[in-house]
Amino acid sequence: MFADYDQIMERLSVNQLWDFPGGVHPEQKKSLSNQHNIEAMPLASAYYVPVKQHIGVHGELLVEVGDHVLKGQALTNNEQSMAVPVHAPSSGTVTNIAEHVSAHPSGIPELTVTIEPDGQDQWISLKPVPDFTKVASVDLINMICEAGISGLGGAGFPTHIKTTSVQPTEFLIINGIECEPYISSDDRLMREHAWQIRQGIDILVHILQPKQVLVAVEDNKPEALETMAIACQQKDNYQVVSVPTKYPAGGEKQLIQVLTSREVPANGLPSDVACIMYNVGTCYAIADAIVEGKPLIKRVVTITGEAVQTPKNVWARLGTPVEELLESAGYLANKQKEARVVMGGPMMGFAITSTKTPVVKITNCLLVPSDEELPHIDDERACIRCSACADACPVSLLPQQMFWYSKAKELDKAQEYHLFDCIECGACAYVCPSEIPLVHYYRQAKADIRNQQEEKAKSEKAKIRFEARKARLQREKEEREEKHRLAAEARKSSMTKDGGAAKDKIAAALARAKAKKEALAKQAVADTTTPSEKTTNETSARSTNQATVSTEQTSKQTKQDKDSDKKAKVAAAIAKAKAKKTKQAAGVVDETSAPSSKKKKNSPITKIPEDTNESEVPAAESEKAKAAELKKKRVAAALAKAKAKKAREAKAAKQKQTEAAEANNNQGEENN
Amino acid sequence: MFTFGSLLIVALLALVFGAILGFAAIRFKVEGDPLVEQIDAILPQTQCGQCGYPGCKPYAEAIANGDDINKCPPGGEATIKELADLMGVEAKPLDAAHGVEDIKKVAFIREDECIGCTKCIQACPVDAIIGAAKQMHTIITDECTGCDLCVDPCPVDCIDMIPVEVDASHWEWNFSKVPVGDIPIKQVS
Ligand code: SF4
Ligand code: SF4
Ligand code: SF4
């Protein structure tokens with residue numbers, strides 16, 4: 001297990017701490033920006049509020065373009081558990097809800113609400129809680145969530161989720177370390193607002209009921225240490241601890257290790273070792289949310305670096321575009337060959353892609369370095385296996401091995417070296433004599449692994465769905481066959497059951513059909529005698545013949561009668577077939593009645609009783625045919641369109657591929 | 001006599017141990033992952049049929065029976081490499097006769113053009129399309145494998161295959177593939 005509570009308290013009482021392995025001591029450079037009070041910012045001309053500024057999912061939008069919003073009004077809801085709302089930074093009009101460049105290393109656009117302030121800066125009605133000790137924990141947690149608070153230290157984990165901890169807490173650790181060089185936002189906040197931070201701590205204590213509160217501040221911030229000590233002096237179980245300056249002492253797991261010697265297990269949480277940690281900025285925001293009822297709409301941002309005239313700390317409203325901050329600090333373009341602005345510190349920050357990038361909840365610093373200050377890493381050289389990185393790693397990993405396998409895309413091997421325990425602190429890259437951007441490779445490898453895992457999960461799902469569908473189709477087929485079989489059986493059995501009656505019925509039906517046929521045939525004879533000349537002639541001739549013969553032999557006549565019967569039938573059939581043919585021809589040619597009538601005249605059957613009917617049928621049919629043709633044409637057009645589209649797409653895809661390949665090549669060359 | 005005796009003993013011992021081994025082989029038989037299952041787990045489960053078989057499982061069976069491993073375009077080189085490792089054969093380039101590796105896409109129905117013929121539903125191997133006769137149809141993007149099989153059956157050609165856009169959380173830290181802003185991007189640490 002881990003060191004027990006009393007043991008830890010004993011050591012802490014004499015100010016003896018532990019240490020974490022590795023670590024580096026980069027130049028601090030904090031005095032650039034920490035000399036002056038935090039300044040307020042004038043209203044920006046527009047605020048770009050991304051709907052997702054934390055780890056998790058974003059809430060559903062509550063506003064529409066054109067809506068007038070008040071300062072502090074929620075723009076998204078928090079119905080889902082991992083959702084944290086965002087709020088309007090000032091009163092004004094929602095002018096746009098669209099994708100906007102994100103405060104992410106990729107700069108990939110994300111859904112963002114644009115608000116143009118009206119200059120009134122009018123708050124919504126606030127609901128402060130005068131005495132939070134009388135409010136139940138769940139309600140307080142709910143208020144924290146509604147105020148849109150997620151960790152302000154860097155990771156951006158939703159605070160209400162962290163606070164809903166089920167495990168009992170021994171140490172509530174307040175992180176005022178701020179170990180990264182240049183950044184001084186927490187420093188200034190502690191110096192100027194120690195009392196409000198203390199209020200935030202009180203609220204957390206009320207919710208979490210820890211045994212001990214540790215406020216950890218690095219020893220390079222003596223003023224902050226003092227103000228925090230004064231703010232916390234009335235409370236017995238609050239202790240302000242001065243932590244030796246070493247990067248990255250502010251990492252969650254590292255700080256816990258320094259203060260308590262407990263190690264958070266891999267894939268574990270601080271709650272596994274009965275600790276919980278909040279950033280000082282988060283405490284300030286919690287106090288704001290509960291005591292004042294104000295949601296999180298602003299934060300302290302350090303603007304620093306040698307390429308700004310007056311490095312300083314400002315209260316920046318969330319959504320303020322970076323360009324306004326640069327302007328307020330006086331950006332010196334001549335100090336940079338290529339414009340470069342880093343969001344975050346020099347160790348863990350990232351270069352932003354656009355000056356329109358908004359300040360978000362985790363933006364603690366804007367570093368605008370001169371070219372000499374933070375050189376471009378262009379000339380990565382081969383690893384000389386000096387193992388300086390392994391000595392610097394605070395997690396005791398083997399960075400050179402992870403780098404090797406990450407670069408070679410042997411992701412399994414990289415994971416064997418505990419790639420996912422890397423906190424991306426950048427200590428290894430800082431010490432590397434070959435200037436290898438090691439963390440960059442880890443991030444790439446991690447992203448690859450995550451995407452692959454997602455892909456695997458997805459393909460697994462697809463497999464299940466595919467198999468389920470196959471089973472369903474099979475089942476349906478079997479059911480259908482079963483039904484048919486049953487129906488057939490039923491028919492058979494009913495036939496055998498009252499077989500006699502059925503047979504009689506069938507016989508009767510057959511007889512009826514026969515009779516009908518005969519009657520029809522006779523009628524046909526009568527019909528054909530008149531219309532077809534040939535047949536008339538023949539029949540009349542025969543009839544005269546018959547007349548002469550009839551007197552002699554009646555028996556013969558009956559025979560003849562039968563003969564003529566048969567012939568008439570044949571003639572009728574021929575006539576019918578011919579009529580049908582003409583009809584078909586008329587239908588196929590689908591011209592007006594003129595050619596069809598001509599055909600009819602040509603045909604030996606001169607008189608067709610349903611003449612009028614006939615001409616109508618082709619007309620209707622021709623219409624149908626026209627419609628069919630139209631449809632055919634349309635389908636053809638659609639097909640052509642589709643083909644064109646496909647061809648285009650294929651071309652585009654090819655082009656993209658070649659481009660991507662080129663880009664890859666380029667990058668490969670750059671890297672080499 | 002002595003030689004005969006020792007031979008007998010050795011023969012007896014062989015029999016006894018043989019019997020023990022035989023029994024153990026049956027009694028402690030390890031239910032190994034059948035080869036087809038392993039191959040199927042590597043295939044991307046797009047179920048597109050581009051390999052010439054009606055789905056990934058049938059192709060997995062075919063591979064187990066000695067078919068080529070380079071017929072799966074959606075899986076691409078990565079799948080071929082994994083299959084080669086599993087089967088202990090040489091990895092070879094993708095057989096172009098079955099198609100080329102493409103970027104990831106999902107189907108999208110232009111809904112106001114859909115006539116509700118249900119043809120695409122019948123074509124979709126993973127039931128990723130919702131709809132009913134004479135009703136508008138739509139695609140469950142999360143379930144769509146991008147197999148392309150629904151595009152051809154559509155009589156009014158209202159299904160598009162659109163490339164999947166990467167969002168920030170799926171970005172692979174490839175700086176050459178970021179939207180161009182007004183600051184040229186360079187990695188920091
Ligand atoms: S510090 Fe750099 S050169 Fe040295 S072993 Fe690590 S990666 Fe290689
Ligand atoms: S970035 Fe990762 S590997 Fe490098 S020192 Fe930090 S924790 Fe260790
Ligand atoms: S929706 Fe279309 S592309 Fe997507 S899985 Fe189904 S058939 Fe394939």
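Ligand 1 is surrounded by A:Cys383, A:Ile384, A:Arg385, A:Cys386, A:Ser387, A:Ala388, A:Cys389, A:Gln400, A:Cys432, A:Pro433, A:Ser434 and A:Leu438, where a residue is near a molecule if one of its heavy atoms lies within 4 Å of it. By class, this shell holds 8 nonpolar, 3 polar and 1 charged residues; Ala, Val, Leu, Ile, Met, Phe, Trp, Tyr, Cys and Pro count as nonpolar, Asp, Glu, Lys and Arg as charged, and the others, Gly among them, as polar. The model is predicted: local features need pLDDT of at least 70 and side-chain atom pairs count only at pLDDT 80 or more, whereas totals for chains, interfaces and linings use all residues. Residues are numbered from 1 along each chain as its sequence is written, chains are lettered from A and ligands numbered from 1 in the order in which they are written, and side-chain values use heavy atoms, with hydrogens and water left out.

Strand β9 (residues 275–279) of chain A is largely enclosed by the rest of the structure, because 5 of its 5 residues are buried. Buried means under 20% relative accessible area, exposed over 50%, and partly exposed in between (1.4 Å probe, protein chains only); helices (H or I, at least four residues) and strands (E, at least two) are DSSP runs, numbered from the N terminus. In a regular strand the side chains alternate between the two faces of the sheet. In β9(A) both faces are covered, with A:Cys275, A:Met277 and A:Asn279 on one side and A:Ile276 and A:Tyr278 on the other. Strand β6 (residues 171–176) of chain A pairs with β9(A) in the parallel sense over 5 bridges, pairing being assigned if DSSP finds at least two bridges between two strands. Within this pairing, A:Ile173 has A:Met277 as its bridge partner.

The largest nonpolar core has 64 residues, of which A:Leu172, A:Ile174, A:Ile197, A:Ile201 and A:Leu325 touch the most other members. Such a core is a set of buried Ala, Val, Leu, Ile, Met, Phe, Trp, Tyr and Cys residues joined through side-chain atoms within 4.5 Å. Helix α4 (residues 185–208) of chain A gives the most to this core, contributing 10 residues. Beyond its neighbours within four places in sequence, A:Ile174 has contacts (heavy atoms within 4.5 Å) that include A:Ile201, A:Val213, A:Tyr278 and A:Cys283. A second, separate core of 30 residues includes A:Leu12, A:Ile177, A:Val243 and A:Ala249.

Elsewhere in chain A, 4 strands form an open antiparallel sheet in the order β2-β5-β4-β3. The edges are β2 (47–50) and β3 (68–69), each with a single partner strand, so one side of each is left without a neighbour in the sheet. Strands β4 (residues 92–100) and β5 (residues 110–117) of chain A pair over 8 bridges, and A:Asn96 stands opposite A:Thr114 in β5(A).

Over all chains, the structure holds 35 salt bridges, each a side-chain nitrogen of Lys or Arg within 4 Å of a carboxyl oxygen of Asp or Glu. One of them joins A:Lys162 and A:Glu252, with the closest N and O atoms 3.7 Å apart. This pair links distant parts of the chain, 90 residues apart, in helix α3 (residues 159–163) and helix α6 (residues 252–260) of chain A. A:Lys162 is partly exposed at 25% relative accessible area, and A:Glu252 is partly exposed at 30%. In chain B, a salt bridge joins B:Lys71 and B:Asp67 (3.1 Å, N to O); B:Lys71 is buried at 14%, and B:Asp67 is buried at 19%. Salt bridges that share partners also join A:Arg469, A:Arg472, A:Glu476 and B:Asp127 into one network.
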